[in-house]
Amino acid sequence: MRLASYNVENLFDRAKAMNLADWDEGKPILEKFAALNALLGELTYTDEMKRKMVVLLNELGLKKSDTGPFVILRRNRGKLLTRPTDGSEIRIIADGRADWVGSLELRAAPVDETAMLLTAQVMIDLQADILAVVEAESRPALLAFNREIIPARNGKPFEHVMVIDGNDERGIDVGLMTASAFPIETIRSHVDDKDADGALIFSRDCPEFAIPLKDGRTLHVLVNHLKSKGYGSQSSSDARRREQAERVKAIYQQRIKAGETLIAIVGDFNDTPDSQPLAPLLKDTDLRDIFTHAKFDNGGYPGTWGSCTANNKIDYILLSPALWGTVKKGGVYRKGMWPGVRPAKWETYAELKKPVNAGSDHAAVWVELDL
């Protein structure tokens, strides 16, 4: 049985702010979007909050209209603001979230057609029986991609496709696609897990998929996309990622205590194996990273993202001891990461930024298990 994990970076549509050639352009947009969304969600708006809202609305291109270049402000009912016809500043007239009904949303743009087809080709070439997918827009999008785009590349669609909408408003959820011999029996979501302060733990979700095997045992696959380093301070991002790793560790230990032995924790962890945020998973449990297995071939490069250096090792397949003993082979599939011919030297990739028609910035990771 072949298990794989692939960050597809969206299938059909992606937030415009995340689709720019240079991440340095998109990062401040997403930071302002997050800051304004947080303010709009407050129960009571103070005068200082209102001033900050006006600044952010202007910076996001919403001074004259509810539709900006990267975001849309939807106002369904109630009154949030007024825009004076004389061109003077926006005025926030709502005193709290209950005074209006609506939302702030990121505008989407279609994914490049070549990138879409390359993503499908990677999925086909992996020949996975179970494929964890990171950054899928939704289940309908993943289902349509499976039914339409994969067959268009002469690939065999997966029999089972599941995505649970998570906590990220940008349409980057995690899901699972499986072949007919590996049906998804049960799903357990952790989208509502909260920390001691009542804040949501997972940026997306940490869904648990239970897959019955022919011999009566059950394989448990937990798919993750931990907090990125993309925006926010490094200290806050690291703290959030460590909190998520702690929670995944607790879930894993609960399953082991309940008698489950075949457990894989996979996905984009957004940090390196030696990092402190990932220590709860990689150092404080008996889970083992497939990259360290004697039968694993990394293709000569230690990373999975961008230039694939050691500092870019952020995609994982972690296996419980019982699964570790069943490993037959494993590897990294790096095709589809560049337009056309791969650069002669990996260092040149950094100069290319993100090629607009690459399938993804991420390589896919796979392992073959004797189950």
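How many bridges join β13 to β14, and do the two strands run parallel or antiparallel? Six bridges join them, and the strands run parallel. The model is predicted.

1. **Overall make-up.** The protein has eight helices and 19 strands. Of its 371 residues, 53% are buried. Among contacts with a separation of 6 or more, 72% are between residues 24 or more positions apart. The exposed surface comes to about 16,700 Å², and carbon and sulfur atoms supply 49% of that area.

2. **The six-strand sheet.** β13 and β14 belong to an open sheet with the order β11-β12-β13-β14-β17-β15. Its pairing is mixed. The edges are β11 (186-188) and β15 (288-289). Each has a single partner strand, so one side of each is left without a neighbour in the sheet.

3. **β13 and its two partners.** Seven of the eight residues of β13 are buried. V223 stands opposite V266 of β14, and H225 has D268 in β14 as its bridge partner. With β12 (residues 208-212), the pairing is antiparallel, over five bridges. There I211 stands opposite L219 of β13.

4. **The β12-β13 turn.** These two strands form a hairpin, with five residues between them. G216 sits in the turn and has a positive phi of about 95°.

5. **Helix over the sheet.** α5 lies across β11, β12, β13 and β14. Its direction runs at about 160° to that of β14.

6. L131 stands opposite M177 in β10.

7. **Nonpolar cores.** The largest core has 33 residues. L176, L219, I290 and L319 have the most contacts inside it. What does L319 touch, leaving aside its neighbours within four places in sequence? Its contacts are I263, A264, D286, L287, R288, I290, W324, V327 and L369. A second, separate core of 26 residues includes L36, L40, V71 and W100.

8. **Salt bridges: the R2 pair.** The whole structure has 17 salt bridges. One of them joins R2 and E368, at 2.9 Å from N to O. R2 is in strand β1 (residues 2-7) and E368 in strand β19 (residues 364-369), 366 residues apart. Are these side chains in buried or exposed residues? The cut-off for buried is under 20% relative accessible area. R2 is buried because its value is 12%. E368 counts as buried because its value is 17%.

9. **Salt bridges: the R74 pair.** R74 and E105 meet at 2.8 Å, N to O. R74 lies in strand β3 (residues 71-78) and E105 in strand β6 (residues 100-106), 31 residues apart. Both count as partly exposed: R74 has 37% relative accessibility, and E105 has 29%.

10. D271 forms a salt bridge with K229, with the closest N and O atoms 3.2 Å apart. D271 is in the loop between β14 (263-268) and α6 (279-282), and K229 in the loop between β13 (218-225) and α5 (234-257), so the pair ties together parts 42 residues apart in sequence. D271 is buried, at a relative accessible area of 4%. K229 and D271 are linked with D238 and R241 in a network of salt bridges.

How values were computed. Residues are numbered from 1 along each chain as its sequence is written. This is a predicted model: local features need pLDDT of at least 70, side-chain atom pairs count only at pLDDT 80 or more; totals for chains, interfaces and linings use all residues. Side-chain values use heavy atoms; hydrogens and water are left out. A salt bridge is a side-chain nitrogen of Lys or Arg within 4 Å of a carboxyl oxygen of Asp or Glu. Helices (H or I, at least four residues) and strands (E, at least two) are DSSP runs, numbered from the N terminus. Buried means under 20% relative accessible area, exposed over 50%, partly exposed in between (1.4 Å probe, protein chains only). Contact means heavy atoms within 4.5 Å. Accessible areas come from the Shrake-Rupley method with a 1.4 Å probe; for residues, only the protein chains shown count as cover. A nonpolar core is a set of buried Ala, Val, Leu, Ile, Met, Phe, Trp, Tyr and Cys residues joined through side-chain atoms within 4.5 Å. Two strands pair if DSSP finds at least two bridges between them. Axes are lines fitted to C-alpha atoms, for helices over the stretch in contact, and angles run from 0 to 180 degrees between N-to-C directions.
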